[in-house]
Amino acid sequence: MSAGSGARVDDPSHRKLRAACRFAARVLGRIGLAAGFLQSGAAAAADRGEPSSAPNIIVIMADDLGYGDIGCYGGKAKTPQLDRLAREGMRFTDFHTNGAVCSPTRAAFLTGRYQQRSGIVTALGEDAAGLPQTERTVAAYLRERSYATGLFGKWHLGYHPENGPLHHGFDRFRGHLHGALDYVSKVDQYGRIDWWHNHQPVPDDQTYATDLTTGDAIAFIEANQTRPFFAFVSYSAIHFPWQTPEEAAHRQPGVRYPDVSGETSKLGRHTGDLSATVIAMIESLDAGVGKIVDTLKGLEIEQRTLVFFTSDNGGILSYRGGHTNISSNGPLRGAKASLYEGGHRVPALAWWPGRIPGGSVTDAPTLTIDLMPTFLELAGMVAPPPGGSRGLDGVSLVSLLDGGDTPAPRDLFWRLTDTGTRAVRSGAWKLVVPPDGPVELYNLSSDLGETRNVAPAEPQRVRALQAALARWEQSLIPAPSRS
């Protein structure tokens, strides 16, 4: 029996039935009818209390975690749980976020499309409309497959509950709508309590936000252990304000994030070298990941569950006022909000015991938008092809996860609306186009730190990459509607 089937019932009649269902699902999928059939099959399995052949999927996304922040990427923090995922699963060395700040990457992940298509091109503020409800998320697709869907932690795709996760395919939401909040009081930078259960704000219980997100995710997993589920565990850590778990235990009444005046609001009560504070935040996140994995093992569902861990952009290295050592991007140049590698190359780990070869490492260039087509394929669904109003821009990584073929060569693109900077990657070559000034060309195979601009010596390659970038930008413009 394949490790990816997720079945644990050994009765021969059940095995024959499951084999027949899997064969039928493959046939129907090829003629575009798989979704309805698989939905009814998964629902029936859930009603019988049997595990479905569709795997559980957990995405754990850290916030502002840099490429060099965790142990298995050379970081100083002690991260035994994340290191275990790398040791028992697959570690990506060339995984990239679609944006260099929070909201764009989250929009790209949930839609499987470049974030420019949904209009989420910068970190969203208080009055932003948020992710359009015309966009279909991976949660909405998987719910058609009878997945239970839940989001725990940070949303940051619209502040208003009427356009929150429940309106984008999630059955359950516990977390915060905006991008940053006090880890203990749950007050955001606009002075409001920002912790929600579905549509309702919940009272502040003073629990550290990382621990709260972990507990909510575990409760969801336990409640849905007999049916396929999709959990988006969206930690706030290690985003500002930089606060340690100990601050929850020694809370000063009446002191909270927005009450701290001026630019120091992001710092909490910390100043100067922030390395110890951030390491404590990383290690708390790591402990949460371990509790989630231990829950899967305790429920004996780990062999039918894919866990994918990553970050939403690169780390912040310093903050004005002399505050340093906030995060680490290892050997990479740049940081959050830049299009050098440090802004968008991030840690990524995939763990699925019995399916993903343990200890494997891939240097295949991959992107956040690749996750949605991967999950749809694993769930037996047919992904919308590129082009059209719902076409996906990413590619499935199922073969890669199985230790097989890497994705076909393709160009990768980035664009920052705030600065006007653009970038394109083709193989080892990366072109960075500032809003003013000369273009920059780097060969990442020999210059990962982007220290040697070879554009003057490669004019033909520069022109080819500029043309590719122009074609991509043109493709983002919607075709005129036809009446």
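Thr362 lies in strand 11 of this predicted model. With a relative accessibility of 5%, Thr362 falls under the 20% limit and therefore counts as buried. Its side chain reaches the backbone nitrogen of Ala364 at 3.1 Å. Leaving aside residues up to four places away in sequence, Thr362 touches Met90, Arg91, Phe92, Thr93, Asp94 and Leu400.

Ile58 has Ala231 of strand 8 as its bridge partner.

The buried residues of helix 3 are Leu82, Arg84, Leu85 and Ala86; they pack against strand 2, helix 8, strand 9 and strand 10.

In soluble globular proteins, nonpolar side chains tend to be buried together. In the present model, the largest nonpolar core holds 55 residues, of which Ile58 and Phe309 touch the most other members. Two or more residues of this core come from each of strand 1, helix 3, strand 4, helix 6 (209-223), strand 8, helix 8 (275-298), strand 9 and strand 10. Helix 8 gives the most, with eight residues. Phe309 itself touches Ile60, Ala62, Leu65, Ile70, Leu82, Leu85, Leu285, Val289, Pro347, Ala348 and Leu349, not counting residues up to four places away in sequence.

Five of its five residues are buried, so strand 15 is largely enclosed by the rest of the structure. Trp429, Leu431 and Val433 point one way from the strand, while Lys430 and Val432 point the other way, and all are buried. Strand 15 pairs with strand 14 (residues 422-426) in the antiparallel sense over five bridges, and the bridge partner of Arg422 in strand 15 is Val433. The hairpin of strand 14 and strand 15 has two residues between the strands, and Gly427 takes a positive phi near 65° there.

Strand 15 is also joined to strand 16 (residues 440-443), by four bridges and in an antiparallel arrangement. Val432 stands opposite Glu440 of strand 16. These two strands form a hairpin with six residues between them, and Gly437 in the turn has a positive phi of about 100°.

The protein chain as a whole has 12 helices and 16 strands. Buried residues make up 56% of its 483 residues. Among contacts with a separation of 6 or more, 69% link residues 24 or more positions apart. The accessible surface of the chain comes to about 19000 Å², and 53% of that surface belongs to carbon and sulfur atoms.

Technical notes:
Residues numbered from 1 in each chain as written. Predicted model: local features only at pLDDT ≥ 70, side-chain atom pairs only at ≥ 80, totals over all residues. Heavy atoms only, no water. Buried < 20%, exposed > 50% of the residue type's maximum accessible area, 1.4 Å probe, protein only. Contact = heavy atoms within 4.5 Å. Areas by Shrake-Rupley, 256 points an atom, 1.4 Å probe, with all protein chains shown as cover. Pairing = 2+ DSSP bridges. Core = buried A, V, L, I, M, F, W, Y, C linked by side-chain atoms within 4.5 Å. Polar contact = N/O pair within 3.5 Å; in protein donor to acceptor, adjacent residues only side chain to side chain.
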